[in-house]
Amino acid sequence: MPKPYVAINEVEMLNNDTTMQMFQQVGPKVCQVTARHPGFVGFQNHMQFGIIPMGTRWGGGSMDMTKMDTMNVYQYTMWKSIKDHEDMHRENFSSIFRLCSSCLSQVVYGPWEPLYEIVDASMPLNTEMADFTTMFGKKFAAGDPAGVPPISMPYGQRTIALSEHTVKKDKEKEFESTIVEVMKDFEKAPGFLGYMILKEVGVSAVGSFQLKSKGIHETLESGGEVPTQQEGSFKPEEARPTPPEYKVHMEWASPNDAMFGIGRVLFAHPAREIHDKVLDTLIRGPYIRLLNPMMEGTTWREYLNSP
């Protein structure tokens, strides 16, 4: 099974109608430009709407924080290789710059684009309820009626829980194996749809608009013109984090499913024992953001689940 690399472009933006309009108008154009490259296999773009407070550990947060002045946007793109991602940005710099710079009036922080490898994953294809009969029929005909995957509704009809972890040096393998055990326990919970364990392997300078000094000055001194100096100020591998950083991408049928399902690590003793082993590998975390997958191209799931 191939495992695409994941670039997550992170931006904090003003939370107002203008941002929503730009997200809907500019986002599809950026994805069309990105699709010029054959190494691009899909996208999934999210807006954060809250966090899981974990009791009162982050008591100032809540599962609904949509009335805040700013919002975080997490734009995933999936690639056959990191080189494909970097080549796409270099080859299409002018088009991407013009589109993204038109949104800078709404940007509070970012963009910042870490790159991830998928350590482990179990992600179903996105389906609507209308697809269920066909899917069940195929599984039944193949003699595997119990193999029907969860119904993972697309386009904002499910919830993403994105959990951040900083792991102790030399504890990566222990973290990776144990967090997979936690995910397998979550599969018993109502509404759990799937997961990806993502390990950060670098950052895209050009995807973050982190250009060399001449390019930065050209950008600041112009009225949105494309800079002639388009080279990033560092190579992706130079930004590989130490200690290592992981994101655990979990998909749930609803926010309540996410809250009570993840809560198993606090109030269900077997899950708690497993998760305690995860906690003992950490420097920081877990911090869990709740995201709405508002815009997505589901083809990357086909690639991930192909033989």
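In this predicted model, the second largest cavity holds about 110 Å³ of space, and its lining is made up of 14 residues, among which Ser163, Phe186, Met250, His275 and Ile288 lie nearest the centre. Strand E6 (159–167), helix H5 (172–186), strand E8 (245–252) and strand E9 (282–297) each contribute at least two residues to this lining, with H5 giving the most, four residues. By class, the lining of the second largest cavity consists of 11 nonpolar and three polar residues, with no charged ones.

The search of the whole structure that found this cavity returned two cavities of 30 Å³ or more. The largest cavity has a volume of about 500 Å³ and is lined by 30 residues, of which Asn9, Val11, Val30, Gln75 and Cys100 lie nearest its centre. At least two lining residues come from each of strand E1 (5–14), helix H1 (17–34), strand E2 (40–51), strand E3 (70–79), helix H2 (82–91), helix H3 (93–101) and strand E4 (107–112), and the largest share, eight residues, is that of H1. The lining of the largest cavity comprises 19 nonpolar residues, 10 polar residues and one charged residue.

The buried residues of H5 are Glu172, Phe175, Glu176, Thr178, Ile179, Val180, Val182, Met183, Asp185 and Phe186.

The largest nonpolar core contains 28 residues, and those with the most contacts inside it are Ile179, Met183, Phe186, Met250 and Trp252. This core draws at least two residues from each of E6, H5, strand E7 (192–203), E8, helix H7 (255–262), helix H9 (269–279) and E9, and H5 again gives the most, with six residues. A second, separate core of 22 residues includes Met13, Met47, Val73 and Trp79. In soluble globular proteins, nonpolar side chains tend to be buried together.

The rings of Trp58 and Tyr287 have their centres 5.1 Å apart and their planes at 85 degrees, which makes the pair edge-to-face because the angle is over 60 degrees. Since Trp58 lies in the loop between E2 and E3 while Tyr287 belongs to strand E9, the pair ties together parts that are 229 residues apart in sequence. Trp58 itself counts as partly exposed, at 23% relative accessibility.

In another pair, the rings of Phe97 and Phe209 have their centres 5.4 Å apart and their planes at 50 degrees, so the pair is tilted. Phe97 lies in helix H3 and Phe209 in the loop between E7 and helix H6 (213–221), so this pair ties together parts that are 112 residues apart in sequence. Phe97 is buried, with a relative accessible area of 3%, and Phe209 also counts as buried, at 19% relative accessibility, because the cut-off is under 20%. Phe97 and Phe209 form one aromatic cluster with Phe93.

The two pairs are set side by side below.

| Pair | Distance of ring centres | Angle of planes | Arrangement |
|---|---|---|---|
| Trp58 and Tyr287 | 5.1 Å | 85 degrees | edge-to-face |
| Phe97 and Phe209 | 5.4 Å | 50 degrees | tilted |

Several backbone features also deserve a note. The peptide bond from Gly110 to Pro111 is cis, with omega near 0 degrees, and Pro111 is found in strand E4. A cis peptide bond with omega near 0 degrees also runs from Gly285 to Pro286, and Pro286 has its place in strand E9.

Tyr155, although not a glycine, has a positive phi of about 60 degrees; this residue sits in the loop between H4 and E6 and counts as partly exposed, at 47% relative accessibility. Asp170, likewise a residue other than glycine, has a positive phi near 70 degrees; Asp170 lies in the loop between E6 and H5 and counts as exposed, at 68% relative accessibility.

Finally, Met123 is found in the loop between strand E5 (114–122) and helix H4 (132–141), where Met123 is buried, with a relative accessible area of 3%. Met123 and Thr19 are 104 residues apart in sequence, and their C-alpha atoms are 30 Å apart in space.

Key. Residues numbered from 1 in each chain as written. Predicted model: local features only at pLDDT ≥ 70, side-chain atom pairs only at ≥ 80, totals over all residues. Heavy atoms only, no water. 1 Å grid on protein atoms, 1.4 Å probe; cavity = no way out; pocket = protein on both sides within 12 Å on 5 of 7 lines; lining within 4 Å. Points joined across faces, edges and corners; volume = space filled by probe spheres on them. Nonpolar A, V, L, I, M, F, W, Y, C, P; charged D, E, K, R; others polar. Buried < 20%, exposed > 50% of the residue type's maximum accessible area, 1.4 Å probe, protein only. Core = buried A, V, L, I, M, F, W, Y, C linked by side-chain atoms within 4.5 Å. Phe/Tyr/Trp six-rings, centres within 6.5 Å; stacked < 30°, edge-to-face > 60°.
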